[in-house]
There are 2 protein chains.
Amino acid sequence: MRVAILAHEKFPDGAKTALGVLRYADYEVAAVLDRDRPADRVNDLVPDVRDAPIVSGVSDLDPDAADALLIGIAPVGGGFEDGWREDVRTALERGWDVVSGLHYFLEDDEEFAALAAEYGGELRDVRRPHDDVTVAEGVAGEVDAEVILTVGTDCNVGKMTATMELARAAEERGHDAAVIPTGQTGIMIEGWGNPVDRVVSDFTAGAVEEMIVAKGDEHDYLFVEGQGTIIHPAYSAVTCGILHGSRADKLVLCHEAGRETIAHGYDTAIPPIPTYVDLYEGLAEPVSPARVHAGALNTYGIDDDGAARDAVEEYADALGAPATDLVRFGAEGVLDALL
Amino acid sequence: MRVAILAHEKFPDGAKTALGVLRYADYEVAAVLDRDRPADRVNDLVPDVRDAPIVSGVSDLDPDAADALLIGIAPVGGGFEDGWREDVRTALERGWDVVSGLHYFLEDDEEFAALAAEYGGELRDVRRPHDDVTVAEGVAGEVDAEVILTVGTDCNVGKMTATMELARAAEERGHDAAVIPTGQTGIMIEGWGNPVDRVVSDFTAGAVEEMIVAKGDEHDYLFVEGQGTIIHPAYSAVTCGILHGSRADKLVLCHEAGRETIAHGYDTAIPPIPTYVDLYEGLAEPVSPARVHAGALNTYGIDDDGAARDAVEEYADALGAPATDLVRFGAEGVLDALL
């Protein structure tokens, strides 16, 4: 599949999905769409991912340049912004598929549904759960695989990235590892998965359990993509359901260096790192004990490598476990603690 | 509204919704339906609630005896059992409404929808959330009212009952108190509310916050109906979302005397009571600090009043806070700690 990735006014720092796809998916990327044109090419801004031109909209691309438009940004609440309509319309008129992880389902948009039907493209809402998701039975712990879950100090600190990096590193060491995708970006990258934040709240744990049971006897390690944080004023329910539904054996605490309050305008201060360790381990204990065995620190905001290493060291000290920046320094420093 | 309450093979102990309606709702109750006929009348089994005959099915009742059939039981998973179909059909053929809190929506059942349309009855799925439920903004703490949340050691230990009893007791003392209903039974009793376990998981906290913001400046006290338990293998997500979404000022820990494992076949042992206190308080702290100020012990399974008092005393000791069985002994022992 050759894709164009919509990331208007948000690339790269506000475009988590776009970056995830550029970094980890197997798609050929025709372009990133950002009408602010923050640069000519992706690698001008983010050097260590797949390169692609940055253009203003679908109409700047040749009609044959791609097969699909991916929505690569997700505003709080997951709504569709009207400024994206022209690009989706043009893509559909070219017969492209449109892949979206928004809470707003493109399939339910009358204009888009009509255009898809007329021109033969497909609307793929990856955040629409399948109909059979149900209540957890508490059986995820029975699978053969070791289950390793990324948990976070906040949203958008790098849990999906850590999951992907650790699974790849484990495979490079010769282990049979798989990713359990729980959010839109992970699902877009892996091509399957349950959008856990979009299922009925009673089925949150069940949506994770179902995936672990399906894959758990086929692999040595399952790396579960975590969501949110257990102290998130809005999303902690999802975090809690994934923790208990996955019955994780080991946890990896993900954090962004320098983050001081919960992102997107909440008034919740980030507590000390040991508070998170106590909360995650304490909450796991009665259901299925798990310890934080490693930390993943996102040092994207620190320019200097030495300062980044200092930040990692300080984080490892606070955590009482090995830590690293998986993207910047690789997984070597933490993999032994997890496998 | 005059209602018949369906509770086949489950009355009274497996019929939480039926009991809640009998105890707290303002409806006239024509009968409880249980084809096992565990007794002739409700009060033969449960003395301290509204009395009504127990009959085998809708067809044992006069067509004019009621205006609505309430589904008063909820199997794990919230499915509809085919053994109930005949009663729902008969009720609809009589032009009655049918009120259900199941995850399975009666409105989506073709046979029921056709019968409702033909005979003029209404299908009311109280577990279907309204369309505007969305992400929490973290603002429930800004309301004038003191927010008191019931939390639990398991499902089905008496959180809904404790909420209703405390709100009534506060009103009897002359305070302006309201209940924030979060589950099917509370919604059936109060006649409004968001079914928090049925909303999109990302909106769990938001569904609670919306109700608190709507009512919080109109009352002195809001008693929020809690759900599940923070260590539930399947439902902890809902519990966590309610804790953070409500930004409760005070918590009441509800427990059933003698309960040793999480109900309905899960393998999770009930940990010591102080573990729950630590988990609930620890999890609340970074978002909106709250302490467990009182305990509600359900001693329904203990025949002897003296033994029940001993159990309450032991529970209060473990909790480090005043406790009582609200139904058996009234709210006096704990109300001072909460108001």
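In the crossing of α8(A) and α8(B), α8(A) passes α8(B) in a right-handed manner (a crossing is right-handed if the near helix is turned clockwise from the far one by less than a right angle, and left-handed if anticlockwise). The structure is a predicted model, in which local features need pLDDT of at least 70 and side-chain atom pairs count only at pLDDT 80 or more, while totals for chains, interfaces and linings use all residues. Residues are numbered from 1 along each chain as its sequence is written, and chains are lettered from A and ligands numbered from 1 in the order in which they are written.

The axes of α8(A) and helix α8 (residues 236-246) of chain B come within 7 Å and cross at roughly 150 degrees. Axes are lines fitted to C-alpha atoms, for helices over the stretch in contact, and angles run from 0 to 180 degrees between N-to-C directions. The crossing angle therefore makes α8(A) roughly antiparallel to α8(B) (angles over 145 degrees count as roughly antiparallel, under 35 as roughly parallel, 65 to 115 as roughly perpendicular and the rest as oblique). On the chain A side, the contact is made by A:Ser236, A:Ala237, A:Val238, A:Cys240, A:Gly241 and A:His244; on the chain B side, B:Ser236, B:Ala237, B:Val238, B:Cys240, B:Gly241 and B:His244 take part. Residues are in contact if their C-beta atoms, placed from the backbone, lie within 7 Å. By class, the contact of α8(A) with α8(B) holds 6 nonpolar, 6 polar and no charged residues (Ala, Val, Leu, Ile, Met, Phe, Trp, Tyr, Cys and Pro count as nonpolar, Asp, Glu, Lys and Arg as charged, and the others, Gly among them, as polar).

The contact between the two chains as a whole takes 38 residues from chain A and 38 residues from chain B. On the side of chain A that touches chain B, α7 (204-215), α8 (236-246) and α9 (273-284) of chain A each supply at least two residues. The largest share of that side, 6 residues, comes from α8(A). The side of chain A that touches chain B divides into 21 nonpolar, 12 polar and 5 charged residues.

Chain A is assigned domain 1 (2-125) and domain 2 (140-338), with bounds that come from an automatic or database domain assignment. The centres of domain 1 and domain 2 of chain A, taken over C-alpha atoms, are separated by 27 Å. Their contact takes 13 residues from domain 1 of chain A and 11 residues from domain 2 of chain A. Helix α1 (residues 16-24) of chain A provides the largest share of the side of domain 1 that touches domain 2, 5 residues. That side of domain 1 of chain A has 7 nonpolar, 4 polar and 2 charged residues.

Two open sheets of chain A are described next. One has 6 strands in the order β3-β2-β1-β4-β5-β6 (chain A), with parallel pairing; two strands pair if DSSP finds at least two bridges between them. Its edge strands, β3 (54-55) and β6 (123-125) of chain A, each pair on one side only. Strand β1 (residues 2-6) and strand β4 (residues 68-71) of chain A pair in the parallel sense over 4 bridges, and A:Leu69 in β4(A) is the bridge partner of A:Ala4.

The other open sheet of 6 strands has the order β8-β9-β7-β10-β11-β12 (chain A), also with parallel pairing. Its edge strands are β8 (177-180) and β12 (323-324) of chain A, each pairing on one side only. β8(A) runs parallel to strand β9 (residues 221-224) of chain A, and 4 bridges join them; the bridge partner of A:Ala177 in β9(A) is A:Tyr221. Helix α5 (residues 159-172) of chain A packs on the sheet and touches β7 (146-152), β8, β9, β10 (250-256) and β11 (291-298) of chain A. The direction of α5 of chain A makes about 165 degrees with that of β8(A). α8(A) lies across β7 and β9 of chain A and runs at about 165 degrees to β7(A).
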